[in-house]
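Dear colleague,

Please find below the structure that I am handing over to you. My notes on it follow.

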Amino acid sequence: MKKGVLFIFLLSAVINGCGKKEEAVAPKKEEPVEQSAPAANPDRAILAAFGALPPVMESTDNPVTEEKVNLGRQLYFDKRLSKNHDVSCNSCHGLSTFGVDNKAVSEGHKGQKGGRNSPTVYNAAGHFVQFWDGRAPTVEEQAKGPVLNPVEMAMKDEASVIALLKSIPGYVESFGKAFPGEADPVTYNNFGKAIGAFERGLTTPSAFDAYINGDDKALTDAEKAGLKKFVDTGCITCHMGTYVGGAMYQKLGLIIPYPDQSDLGRFDHTKNEADKMFFKVPSLRNVAKTAPYFHNGKVASLDEAVVLMGKHQLGKDLSGDDVASIITFLNTLTGKLPTTYIEEPVLPPSSPTTPAADPN
């Protein structure tokens, strides 16, 4: 038995010794070549978890037409749709400032402040629900909310909004073109559909989209490393898909309880105990431009937001280098604003019957 083992050992040594020259000449030269292909593009395989932005976020329930978009753009900018004629959709969701006003909470009628941070309207039509608590399923439904909110635009009711719109001949004509064939096209639902159609064109493709679409040079090595760090850290657990978020609810304080629980999130809408501290996961598209952060707008910097998310959602204390790398990737999500599409339109003039502003 010992002789057999000794023979195998000696035979192995002879074979390995005979092959030393070949290993030194051939395999060692080939190994770097075999490894160079994946190393040149290490992050492309993980892109399946994301998706490039579409040019328009279509809806089968509200087909986008030029007439709807033109009408929706006017309504979006029109301050007459507020009680005191001083607040519009654009006041809190400024299209020239990446869809936000960069305030912790926005100011509405008579300077009243809302309870939650105003999220960006850019790319929002692609999210699975609207508002932090998901109480509106679509941007069409969302658009109808702030107009009647007493803290925001403070219009009395739907009837008063329709009366105002019907008092402006230009709007009556535009509603007729946007919703042809309807006996009475100036309705509150159509009001929401027009604004929704406009918002469905508010997309901001970025360098990340170019990279997803096959341009390997669209991101630098540092940005690709940041993408890998983003994924490896676990951020992708919630921030995935085309909008890098906006696709699910998640508990704030999933691993380590979040200290500020003055706002219980979705629970305030559903009254379901299981929904306490659950919020819609925000999209990270243009996140570098939409400070301050979180539902209450109390987090001023992106660095702090990343640190807090690492701690409370993942149970990780991220290093300064980790945070910097992740933010390097997040900057690639800053897109180009559609400057022509968002130009402030000329609004149809009021008529003698148009209700006057009411500051009370």
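**Findings**

Pro180 is situated in the loop that runs between α9 (169–178) and α10; helices (H or I, at least four residues) and strands (E, at least two) are DSSP runs, numbered from the N terminus. With a relative accessible area of 61%, Pro180 is exposed, where exposed means over 50% relative accessible area, buried under 20% and partly exposed in between (1.4 Å probe, protein chains only). Pro180 and Glu67 are 113 residues apart in sequence, and their C-alpha atoms are 9.9 Å apart in space.

Please note that this is a predicted model, in which local features need pLDDT of at least 70 and side-chain atom pairs count only at pLDDT 80 or more, while totals for chains, interfaces and linings use all residues. Residues are numbered from 1 along each chain as its sequence is written, and side-chain values use heavy atoms, with hydrogens and water left out.

**Helix α12**

Helix α12 (residues 221–233) has 13 residues and should span 18 Å at 1.5 Å a residue, which agrees with the 18 Å between its end C-alpha atoms. The expected span is 1.5 Å times one less than the number of residues. Among the buried residues of α12 are Leu227, Phe230 and Val231.

**Aromatic rings and charges**

Rings of Phe, Tyr and Trp (its six-membered ring) pair if their centres lie within 6.5 Å; planes under 30 degrees apart count as stacked, over 60 as edge-to-face and the rest as tilted. By this rule there are 11 aromatic pairs. One of them, Phe128 with Tyr249, is edge-to-face, at 5.0 Å centre to centre and 70° between the planes. Phe128 lies in the loop between α5 (89–92) and α6 (139–142) and Tyr249 in strand β1 (residues 249–251), so this pair ties together parts that are 121 residues apart in sequence.

Tyr188 and Phe191 form a stacked pair, because their ring centres are 5.3 Å apart and their planes are at 15°. Both residues lie in helix α10 (residues 188–199), three residues apart, which is about one turn of the helix. Tyr188 is buried at 5% relative accessibility, and Phe191 is buried at 0%. Ring pairs also link Phe50, Phe208, Phe230 and Phe329 into a cluster.

A charge sits over a ring if NZ of Lys or CZ of Arg is within 6 Å of the ring centre and within 35 degrees of the ring normal. Arg44 lies over the face of Tyr211, 4.6 Å from the ring centre. The charged end of Lys271 is placed over the ring of Phe267, 5.7 Å from its centre.

**Backbone features**

Most residues other than glycine have a negative phi, and most peptide bonds are trans. Ala291 and Pro292 are joined by a cis peptide bond, with omega of about 0°. Pro292 belongs to the loop between β2 (278–280) and α14 (302–314), and Phe294 is also found in the loop between β2 and α14. Phe294, although not a glycine, has a positive phi of about 75°; its relative accessible area of 13% makes it buried. Met277, likewise not a glycine, has a positive phi of about 70°. Met277 lies in the loop between α13 (267–270) and β2 and is buried at 2% relative accessibility.

Yours sincerely
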